[in-house]
Every structure is written in C-alpha cells, then in structure tokens.
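Please keep the three-dimensional view at hand while reading.

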Amino acid sequence: MDLFKKRKKNYPDFWTEYEQKFEKKISYDLPDIRFVVFDTETTGFDYDADRVLSIGALSVQNNSINISDSFEAFLYQHFYHAKNIEIHGILQEERQERITELEALIQFLEYIGDSVMVAHHAGFDRNMINHALNRHGMPNLLNKFLDTSVLYKRTLIKSPLLPVKAQYSLDELAEKFDISKKDRHTALGDAYITAIAFMKILQKLKTKKKFSTKKLLK
Amino acid sequence: MKNTISARVADFLKNYPPFNEVADKELETLSGQISIVYKVKGEVIFANEEEAHPCFYVVHKGAVVLTKEPDDEVVDLCDEGDIFGLRPLIANENYKIGAKAYEETILYAIPIAEFKPIIQEHKAVGTFLIESFASNTRNPYSKSYRGKLYEGSVPTEENHLTNNELLDLQGVHYSKKLITCSENTTIKTIATTMTDRKVGSVLVVKDMLPVGIITDKDIRNKIATGLFPITTRATNVMSSPVITYPIKMTITQAQMAMMKSSISHLCLTIDGTPNTEAVGIISKHDIMFELGNNPAVLIKAIKRANGFKKLKTVRRRIMNLLQGYLNQNIPLTLTSKIISELNDACIKQIIKIALKRMTTSPPVNFAWLAMGSQGRSEQLLHTDQDNALVFENVPREQLEETRTYFLELAKIVTKGLFKIGYEYCPAEMMASNPEWCLSIAEWKDRTFHWITNPGPDEVLLSSIFFDYNLSYGDANLVNELSAHIFETTEKYPVFFMHLASGALQSPSPSGFFRSFLVEEDGEYKDFFDLKRRALMPLIDGARVLTLSHQVKSINNTAERFEKLAELETNNEELFLACSYATKALLKFRTKHGLLHNDSGRFIALNKLTKEEKIKLKRSFKTIKDLQELLKIRFKVTNLLG
C-alpha cells in the first residue's frame, strides 16, 4: 500500500476527485459498465503544436445511449489553422459558446469519471487530451481505452478471400453498419456514429467463442 | 440537454404523428431526454405481463414485432416512425403484448413523464393517441390473413369471420401523391404522364377541385376506338362527375363503393364531397395489395416501387406468401420457383433504381450475376448476398474508368439489397468489390486460373462462382463466359477431381451410431448445422457431376439431380433420392428459418419432433451414398471420413 508515500505534486481538487473515482473495484458485468464514446476535433495532427477545438461524448450503457447524459464542449483557442476550419466547419465567429481549455478539461474529467473510453483511432484522441492535461500540469488520463478501429478488425471473418486492411475509417464503418453520416465532422456527430458502430461491433464480438468482458478490457 | 444529437432526434420525430403536432421547441426539449437503444435481431424489448417501463418506444431504424399470448400471434409489425408500448403507460397497467426486435433495430425510448405534459397541452396529440388506441393498429400480418395467402384456397369458417372483422376496422392506404391535369390538357400528354408515373388514372381538377377522372379504360374506349383523336382535351374524355369519398374509409367500404358504381378508382376528398380539395386516390390495385398476397399483385408492386423502402415492404409480403405456401404444403418445386421469381424481380428493380440514380448511363453492356444460393434459385429466405458483375471488353486505357463506373453502380445496388434485407457478404464477395467487378476478358483469365491451378482457395472460389445466374443485363456476356468455362474444364479434367474432393470436405452429418453431429463451440454450440453438414454435400456433388457432363444452364440442385438421373440411368435411383433429399432439406431449412426469423441454417435438435429427426436421418443415408459415388468416379484419395 502506498498510504505513506507522499504525493509528488499537489494536484487541484478536480483532479484528485477524478483520481478517487478509480479507487473502487471495476465490474466485469457488461451491462454495468458505462462506456464513454468520444471524439475530438482539432486544429491538426501535431500533439504539441495543435489544439483541441471541440469535444463530443456520449455514454453507452447496456446498449443504450441516454442523450441527457452527453457532453459537448467548444473550446476557445487562440491558436488556429485556417485549413482545418474548412474541414470541420468550426469558425471562430460561430455562435457556439466557447469555454477555456482548462474549463473544458475540468468538465470532461467530471463527466467521464472512471468510465471505459471508446473512440475511433482512440490513440489520437487520447494523446490530444493527455497533451492538453499535461500543459495544465496534470498527468495522463487514467481510464481504460477501447479503439473501434481495432475492435472492428476482430469482427471480420478469417478467410483467404478477404484481405484485411490495415486501417478502417469511420466512413467505412458507417457504410458497413448503415449509419447516417449527416453530422460527420462534428465531434458529437462522430461520437454518435462511433457509439452506434461500437454497440454493433460489441454484439458481433459477444457471439464469438471465448469472449469475456475481462479480456475485452485488457 | 440540447445538442447535435438531440436536434437530429427531433428532426426525425417531427416527420411522424403525433410528434408533427408538437412545437419545435418542446420537441427539442423532449428529444434531449430520450435514450437511443440498440436491439439485436430477436431480442426481447418487453414481455407480456411485464411491468410497464417508464418510457414508450419509437422505431428509428429496423422493425419490431408485437405478439399476443397464448400462441405468440403476431398482432403488428412496427416500422420506422411507429410508436409502441404507450397504452399500458397511459392506462397504468402491465404490458398486454410482447415486443421483440424483428431485425436489428434502433429505438428511441421516450420517458412518459416528459411526454405527459405534451399530451395535455396539444389536443391533436391526445386525439391521435385516442384514435389509434380505439381503432387498434392495422395488422396485415395476423393469422387471420393466412387463409388468403394462396389464391383458390378456401379460408376456414373461423378465419373468415375474423377476417371480415378486421377489414371493417382497417383504414385503407391510398396514394397521396395525386397525378392531376386540367380540363384542357391533351390526351397525349396525359397518356405520357400516366406511362411515366406508372399509374392507371389521372384526376382532372379545376381550382383544386376534382371535376373528372381519366383511366386506362377511358383511353381504350374513347381514343383507341377512334371516337376522339389523340389531340383531344381531357374534358371530352373524362368520366364526370367524379365519385368522391371521405379519407377515412375502411377496405370493405372502399370495395363496396367500387362494386356499387362499377369503377376501379375512388377519389378521396377532405369532406367526401366533390366540393372540397382532392387528397388521394384509391385504385383497385391498392385494395388488392392490401387484401392479399398473390404473386401477380406482388410483381406489380415490385415494378412500381421507386425506392428501396417500398421494396422492403413488398419483400415482407413475399415472406408472408412463402409462409402460406409452406403451411398449405404446396410442392417445394413450385414454391421455390415462385419465390425465386419474386426475389429476382426485386433485384432487377433495385438495379433499375440504381441505374436511374447514376448520372450517366453505362459506358458498355454489362451483366449482374447472382452467385451461391440465389444463383441456384434455392434462396427462399433472406441470406447473405453474393454477386458479381461482368462488363464488355474495353480498350486497356478505358478499363479502370469503366470499372469505376460499375463499382459505383454496384455500391448502390448492394446497399439497396442490404436495405431490403440481404446482409452484406462477410467475405466481400460482392460486385462492389473490385475483385468481383471484371471485364469478360478478365473473368475468362480468372476462371482459367482457377481451373488450371486448383488449390483449396481456387476450388472454393469456383464452387461459389460457378453457380452464377444472370440477374440483369446482357445474356450474351454470360453465355460467352459459360462456354469458356466448359471448354477449359474439358481440357483440364483434373479440375473435377479437386472439385469433387472439395465436395467431400463438408463434415459428416452423423456419427458412427447414426447420431447427429452438432457444433462443438461458438455461438451455435449444440446446434445442428443443416447447411454445412447436409445441404452443402448435395449442392457441391450436383455441381461437379453436372459440370463433368457439360450440362448447361441448370443451376438448381434438385433439377441438376433430376437431369443426372436422366443421363445416367444406372444411377437413376440414387440421383432421384438426392433430388428428393435436397428438396426435403431445403423445405426443412426454410420452415425453421421462418419460424425463427433467421436463415434457418442452425437447428436446435431438442426442438425437433421424432418424425422430423427420422426424415433428416433418411437424407443422410443418401448423402453418404452420393459421396461414395464421387470418391470412386473422380478417384479422390485424400478423403475425410
């Protein structure tokens, strides 16, 4: 036990509160698990130079998305790439109410708690958030992460006739699972597509032999 | 909470009653409280006598089947936008019906606590709910319809009664998109419109009010006979005055009205008199469609369908028809002919719709091929789609451009097939895959390679591809390819040995003591795999034997065996037994598939009756005999027991 170990650093209250949520034991009963499916829109792909412009997240529990338990934040960033704005349609002048990066992180940590995080190409979104946390003097996220692009590959049948691609885009998943792409390229819209795809993928994985929640979360 | 997703939910809901009566703002607030629920096919949403959930449901995607005790009779099938599970919440009672996902479904669960104030505030919402409760939802899927499924069969007394009751209650569905013209429109223009829109009547209106109607019959009687020239105006030809009825009429009322005035079209107006605006037309065809499932009506409905959604409802009726045929023990040969014909018509229609959606017409001729069970006309239930596309040879520099066009077309078609119920092929054997969308020269190379290098993959690919059948397009391309395949196989007879050994790879259906062999693990542990263990050996055997006899254009397994019996009189008995076994197994599979709303591939043995088990086992004997014959004939040595 590390009861007597002194913390190296004094983190702010919101972080310690977040940290405390991980002290209780996690359940491996699938319907009990709260998954938070999220997506970030950013100014680019450089973890150090680029910034998060918006975060959208939905909670999935027992195959159900409760809309009242969703998260959408638009961040105020001085730093802007004109190019990226074209893709995501996020304009500085837009009427969306913007909050500071720190405020967004505080709200986001409060929202996610100890949930299992899910994202498409999760590594990217995770790093973006972690870099933002680090900039404000916080350590990395403590949550478990699942990546729908990896999980999807596990659902494919093994056949010599079907070459498995290295990457499957969110667009490809939306096509395969017949999900509307109307709100593509907004953080919450992409999170929604990912959430529906995630539920469908999970269903496919469950029917495979030797499926266990524990293994899934490893 | 208002956000991108709740706005999207509100956008969906406002298209459907009673939500269309709710103000945008309230609807958005309500949408923020909704849960989006994913249900797997067959999953129970609520059971009979279960305590009511704190929310009711709207189908967003997919379909939900409602059933009533005691014997799970289907009372309704809810589609996109339909509400269910609301009545018990208003009446404060337990569920009186069960609800199950009929296919993979996404539901919106709307909390009743948030919805109740809306009912109180909007009178129209309350009225809608009271009306829909009072009339009870329409149910063309109920048992009482089965008597009508097969034309010429006499419905039993009991069915007859409930049927009439139902028809009296059911509101009739009418076309809301009116095709109209003015009194001065020329007959030629009218006839063109009728042809374009595929309708049998045009309403003549003046100041929005109906003044006359022109039907196919009028054109035949008054124009084709020379009574009036083709340039004459509508006013000279139309039947007038129009016989009008109010919108709210039942099927029986509509039928009676048509009989009374011996007309085939009814015009519906707001208050039922010709002095109010016309809002719809009911044709005899609409009523026929409402009443019965007969192939002729369904074919007509398929050809009229201009979108995938409409085709989907027709496909459901095809399934009802199939169920009726099986219940009445109509011979399977006839049943599968009719159902395949209807399935085929659906595919053709989808391709036609897809072609219309392309911005340009195809650069060269092409043929759409159905493979696998569809190609063998053995597909009775919804299964995976396997298809391929072949197009005419083009100069090398145009090849990729041409392929891109056909891939785009194929993408629309496969999506359409998916929408009406054919799952995507998990191994991507679909024309939308560049590997399965080739020019005739490329296909020739490809099949030549398979036949001359028969490794396990090549044999597998051949066994899937060689059952192809033309669904749509240029028959010459297909004939050319078939001729090429026969020529090549004749030159490389060793291919048959490999194909035969592939046919012997299917695992055995029964063990040493004639017990069933069941799956050992996975999702279907302890189920019997009817397809792999019983049907595949017959299908594969028939294919290699007919190929070696150079029999062209027979794809159906049972028919192949019949042909073989003709060709080899000394084996007549075995082949006829094989043909019989194929039909019996196929029927077995179809019955089980319909019962469980799946492909019928996996059978729970403990659910079988003694008689069914004996029947199954009898077919295993035939399979063993057939496999013996293959081993000897094609000198297959590397065998599995």
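Helix α24 of chain B, in this predicted model, spans residues 610–633 and thus comprises 24 residues. The distance from its first C-alpha to its last is 36 Å, close to the 34 Å expected at 1.5 Å a residue. An α-helix has 3.6 residues a turn, so residues three or four places apart point the same way. Just after α24(B), Lys635(B) adopts a positive phi of about 50°.

Strand β10 (residues 201–206) of chain B runs antiparallel to β11(B), and six bridges join the two. Within this pairing, Leu203(B) stands opposite Ile213(B) of β11(B). The two strands form a hairpin with two residues between them, and Asp207(B) in the turn has a positive phi of about 50°. Strand β11, residues 209–215 of chain B, is mostly covered, with five of its seven residues buried.

Attention may now turn to the interior. In soluble globular proteins, nonpolar side chains tend to be buried together. Which residues touch the most other members of the largest nonpolar core? In this core of 115 residues, they are Trp368(B), Phe406(B), Trp436(B), Trp443(B) and Phe465(B). The element that gives the most to this core is helix α14 (residues 332–357) of chain B, with 11 residues. Domain 3 (332–485) and domain 4 (500–633) of chain B each supply at least three residues to this core. A second, separate core contains 61 residues, among them Leu156(A), Leu173(A) and Ile193(A) from chain A and Val9(B) from chain B.

The surroundings of Trp436(B) can be followed residue by residue. Leaving aside residues up to four places away in sequence, Trp436(B) touches Met371(B), Asn387(B), Ala388(B), Leu389(B), Glu428(B), Met429(B), Met430(B) and Ala431(B), as well as Trp443(B), Trp450(B), Leu461(B) and Phe465(B).

Helix α14 of chain B also holds Asn343(B). Is Asn343(B) buried or exposed? Asn343(B) counts as buried because its relative accessible area is 0%, under the 20% limit. With residues up to four places away in sequence left out, Asn343(B) touches Arg315(B), Ile318(B), Gln374(B), Gln379(B), Leu380(B) and Tyr422(B).

Chain A contains eight helices and six strands, in the order α-β-β-β-α-β-α-β-α-β-α-α-α-α from the N terminus on. Of its 218 residues, 51% count as buried. Among the contacts in chain A with a separation of 6 or more, 69% involve residues 24 or more positions apart.

Chain B has 24 helices and 20 strands, and 51% of its 641 residues are buried. Of the contacts in chain B between residues at least 6 apart in sequence, 70% join residues at least 24 apart. Chain B exposes about 30,400 Å², and 53% of that area comes from carbon and sulfur atoms.

Key: Residues numbered from 1 in each chain as written. Chains lettered and ligands numbered in written order. Predicted model: local features only at pLDDT ≥ 70, side-chain atom pairs only at ≥ 80, totals over all residues. Heavy atoms only, no water. Core = buried A, V, L, I, M, F, W, Y, C linked by side-chain atoms within 4.5 Å. Buried < 20%, exposed > 50% of the residue type's maximum accessible area, 1.4 Å probe, protein only. Helix = DSSP H or I, 4+ residues; strand = E, 2+ residues; numbered from the N terminus. Domains from an automatic or database assignment. Contact = heavy atoms within 4.5 Å. Pairing = 2+ DSSP bridges. Expected span 1.5 Å × (residues − 1). Areas by Shrake-Rupley, 256 points an atom, 1.4 Å probe, with all protein chains shown as cover.
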